[in-house]
Protein chains: 2
Amino acid sequence: MQAKTNRQVLLAKRPQGTPQPSDFEVVDAEMPSPDEGEMLIQTLYLSVDPGMRSMMEEGKSHTAAFELGKPLTGRSVGRVVASKLNGFAEGDYVYERLGWQHYSLSDGSQAQKVDPDVAPLSTYLGIVGVPGFCGYFGILDIARPQAGETVVVSGAAGAVGMAAGQIAKRQGCRVVGTAGSPEKVDYLRDELSFDAVINYKTAQNLAAALSDACPDGIDVYFDNVGGEITQAALSLINYHARIVVCGQTSQYNAASTASGNIAPQLLIKRSAMMKGFVVYDYADRNGEAIEHLGQWIKDGTLHYRENIVDGLENAPQAFIDLFAGKSFGKQLVRLSSG
Amino acid sequence: MQAKTNRQVLLAKRPQGTPQPSDFEVVDAEMPSPDEGEMLIQTLYLSVDPGMRSMMEEGKSHTAAFELGKPLTGRSVGRVVASKLNGFAEGDYVYERLGWQHYSLSDGSQAQKVDPDVAPLSTYLGIVGVPGFCGYFGILDIARPQAGETVVVSGAAGAVGMAAGQIAKRQGCRVVGTAGSPEKVDYLRDELSFDAVINYKTAQNLAAALSDACPDGIDVYFDNVGGEITQAALSLINYHARIVVCGQTSQYNAASTASGNIAPQLLIKRSAMMKGFVVYDYADRNGEAIEHLGQWIKDGTLHYRENIVDGLENAPQAFIDLFAGKSFGKQLVRLSSG
C-alpha cells in the first residue's frame with residue numbers, strides 16, 4: 001500500500017558556515033510511478049554524511065553540487081516496490097544514491113542489490129559500505145602500515161574512523177584516536193581496544209597529549225577532521241610518514257580554511273606522503289572489501305555502531321548535529337522498518 | 001705545494017629572512033694535516049644549494065643544522081692531496097660533503113670516488129649528482145608520468161628543474177615550465193624543447209597563463225618553488241594528480257610560510273597525492289641514476305647548464321643570489337681548476 005504523496009527534504013538555501021534548519025525545506029510532492037525501464041524504490045535508510053556539506057557549495061568537486069529547491073541526495077538502502085525493469089523485482093533490496101524522499105524512481109544503472117543475510121541492511125551504509133570502504137582502502141591500500149607502527153586516526157569515533165582504527169589494529173599497529181566526548185573515548189579504548197584515545201575537547205594541550213600518546217612518533221595519520229588536530233599530528237610525523245586525507249570535517253563549515261592548511265616543506269623534511277582519496281577511486285574493488293568486512297564482523301574482530309534517527313523530517317537536524325560532534329557512530333535516518 | 005693557511009667561510013649569524021653578506025665570515029684557519037686513517041682533500045668545486053637555507057635554521061630536519069662560527073658544509077668535489085687511508089690515494093677525485101674551505105680532512109666513510117672520464121668533475125654536483133637525482137627519482141619513481149600527460153615544473157631553469165623537465169620529455173609528456181627571466185624562458189623552450197614556458201615575473205595573471213599552457217589540466221606538478229606558483233598549479237590539477245614536493249625556494253626565507261600552504265581538502269577533491277622527498281631516500285639507487293644520466297648526456301638527450309663563480313670568497317654572494325633568481329643552471333663555486 002503506497003502513500004499518495006511523496007515527502008521530500010529539499011535544499012532551500014546554500015548554507016553559510018554551519019548549516020541551519022532554515023537551509024532545508026520539507027514538502028509533499030506527487031507520488032511518482034515507474035515507466036517501462038524503471039523501478040520504484042521505497043527508501044528504508046538514508047545515510048547522513050559530513051561530505052554532503054561540500055556538495056551544498058557550488059563548484060567543481062568529485063560529485064556535482066546539490067541543486068537548490070531539489071531534494072538532497074545521499075547513499076540509501078531501499079526496497080523495490082514496483083518494477084518495470086529487467087533484473088529487479090518487487091521485494092529486492094538495493095543500495096543506491098537516492099533522493100531524501102520516501103519514494104524514488106530508478107533506471108537501475110546505479111543500483112546494487114544487497115543481501116540482508118550477508119549483513120544487516122543498515123550496514124551497507126556504514127561498516128560494509130562507503131565509510132567502511134574508506135577505512136579499508138585508506139589503511140590497506142594507501143597507508144599500508146607495518147606491524148608495530150603508530151597510526152593516529154582523527155575523528156576516530158565516526159564511522160570511517162572506527163573502521164580505519166580497527167583495521168589498523170588488525171595489522172598489528174599501535175592505534176591512537178581522537179574523539180570529542182568521554183563516552184566516545186571510553187568506547188574506543190574499552191570496546192575497540194585502541195591503545196590510546198584523546199578527548200580533543202578537553203585536552204589542555206593537544207600537541208602534548210598526542211606526543212605523550214605517541215612516544216615513537218606517528219607513522220600513519222588517517223585524517224577525517226583537519227584543522228588543529230592535523231597540525232598537532234603533523235608536528236609528530238616520522239620519516240616516510242603517510243598521511244591519508246579522508247575527510248576534513250572541521251573545515252567544511254569554515255569560511256577560511258587557512259587554519260587547516262599545511263606547509264609542503266614539512267613533507268620534504270620527513271619525506272612524507274599525503275594522499276587524498278574518495279571511495280569511488282576503488283569502485284572496482286568494492287566486492288573484495290564487502291567480503292573482508294563481512295567476514296571480520298562475523299568473526300567478531302570488527303565492531304560497528306549506528307546512530308539511527310527515525311523519520312525523514314528529522315534528517316536535516318541529524319545532518320546539522322554531525323558538525324556539533326553529537327553523533328556517535330554511523331548517522332542514519334530510518335524512513336521505514338523495511 | 002700546499003698553502004700555509006686554510007681559508008674558510010663561516011656561518012656568522014643565522015639569517016633573518018633573506019641571507020645577507022654579514023651572515024657570513026671569511027677567515028684563515030690553520031692548515032690541517034691528516035692522521036693515520038685520514039686523508040686531506042683539496043676542494044675543487046662547491047655546490048651552492050637553496051636547500052642550505054633551511055640548515056641555517058635551528059631545528060629538526062633531515063640533516064643537522066649548521067653550527068654558528070663553523071664553516072658551512074656542502075656537496076663538493078675535491079682531489080686527494082695526501083692520504084693515510086687505505087683505498088684512497090693522492091690524485092684520486094672524490095665527491096663528499098666538505099666544509100666551505102680549501103682543505104678538509106676526511107676519514108673516507110662518506111667519500112665516493114668519481115671518474116672524470118665518465119662525466120666532467122663539476123657535473124657530479126649537478127646533472128650527474130644530487131640535482132639530477134632529484135629530477136630522476138622525483139619524475140621516474142614518484143610522479144611516474146604516462147606519455148601524453150601534462151607535467152608542470154616550477155623553477156624549471158634550476159638544476160633540478162632542468163633535469164626533471166627533460167626527463168619528463170623523455171617519457172613523452174607535455175612539459176610546461178616556469179622561470180624568471182626571458183633568457184631562461186628562451187633557453188627552456190628553444191634548447192630543452194619544453195612545450196611551454198611561463199615567465200612568472202612578467203605574467204599578468206599566473207593562474208591564467210598556466211591554464212592557457214595546460215589545456216588538459218595538470219597531471220604532475222614538480223615543485224621546486226612553492227608559494228604563488230604552487231597555488232596556481234594546484235588550482236589546475238587533474239584527478240589522480242601527483243605533486244612532487246622537491247623544493248620550496250620561495251618559502252625558505254619567508255618569515256611566515258602561510259602563503260605557500262595548501263588545503264588538504266584539495267587532495268580529496270582530486271584524489272591527488274603529494275609526496276615530499278630528499279635524494280638521500282634513494283641513496284641505494286644512485287648507481288642506476290648515474291648510469292642513465294651519463295648515458296643520456298652522451299647521447300645528447302639530456303642537456304645541462306652550469307653557472308660557475310671563481311673563488312671561495314664569492315661563495316656567500318653566490319648563495320644569496322640564488323634567492324634573487326639570478327642564477328641560471330647549477331650554481332657552483334670553483335676553488336681550483338683541479
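# A guided tour of chains A and B

Begin by selecting B:D49 and B:K330, whose side chains meet in a salt bridge with a nitrogen-to-oxygen distance of 2.9 Å. The model on your screen is a predicted one, and the tour should be read with that in mind.

At 18% relative accessibility B:S336 is counted as buried, and, leaving aside residues up to four places away in sequence, it touches B:Q42, B:T43 and B:L44.

Next, colour helix α4 of chain B, residues 182-191, and show the side chains of B:K184, B:V185, B:Y187 and B:L188, which are buried. Seen around the helix axis, these four cover an arc of only 165°, which means that they lie on the same side of α4(B). If you then turn to the other side of α4(B), you will find B:P182 and B:E191, which are exposed. What do the buried residues of α4(B) pack against? Their neighbours are α3 (159-170), β9 (174-179) and β10 (196-199) of chain B. Just after α4(B), stop at B:S193, where phi is positive, at about 65°.

Now move to chain A and select A:R53 together with A:E57, which form a salt bridge whose closest N and O atoms are 2.8 Å apart. A:R53 is buried, with a relative accessible area of 2%, whereas A:E57 is partly exposed at 34% relative accessibility. Another salt bridge to display is that between the side chains of A:K70 and A:E67, at 3.4 Å from N to O; here A:K70 is partly exposed at 42% relative accessibility, and A:E67 is exposed, its relative accessible area being 52%.

From there, go to A:E90 in the loop between β4 (73-83) and β5 (93-99) of chain A. A:E90 is exposed, with a relative accessibility of 63%, and its contacts, not counting residues up to four places away in sequence, are with A:V80, A:V81 and A:S83.

Finally, show both chains and look at where they meet. The contact takes 31 residues from chain A and 31 residues from chain B, and the area buried between them is about 2600 Å², with carbon and sulfur atoms giving 56% of it. How many salt bridges cross this interface? The rule finds zero between chain A and chain B, but ten residue pairs are in polar contact across it. On the side of chain A that touches chain B, the elements giving two or more residues are β12 (237-245), α7 (264-269) and β13 (273-276) of chain A. Of these, select α7(A), which gives the most, with five residues. The residues on this side of chain A divide into 14 nonpolar, twelve polar and five charged.

Definitions and conventions. Residues are numbered from 1 along each chain as its sequence is written. Chains are lettered from A and ligands numbered from 1 in the order in which they are written. This is a predicted model: local features need pLDDT of at least 70, side-chain atom pairs count only at pLDDT 80 or more; totals for chains, interfaces and linings use all residues. Side-chain values use heavy atoms; hydrogens and water are left out. Buried means under 20% relative accessible area, exposed over 50%, partly exposed in between (1.4 Å probe, protein chains only). The arc is that of the directions from the helix axis to the C-beta atoms. Contact means heavy atoms within 4.5 Å. Buried area is the accessible area (1.4 Å probe) that two parts lose on being put together, summed over both. A salt bridge is a side-chain nitrogen of Lys or Arg within 4 Å of a carboxyl oxygen of Asp or Glu. A polar contact is a pair of N or O atoms within 3.5 Å; within protein, one must be able to donate a hydrogen and the other to accept it, and residues adjacent in sequence count only if both atoms are side-chain atoms. Ala, Val, Leu, Ile, Met, Phe, Trp, Tyr, Cys and Pro count as nonpolar, Asp, Glu, Lys and Arg as charged, and the others, Gly among them, as polar.
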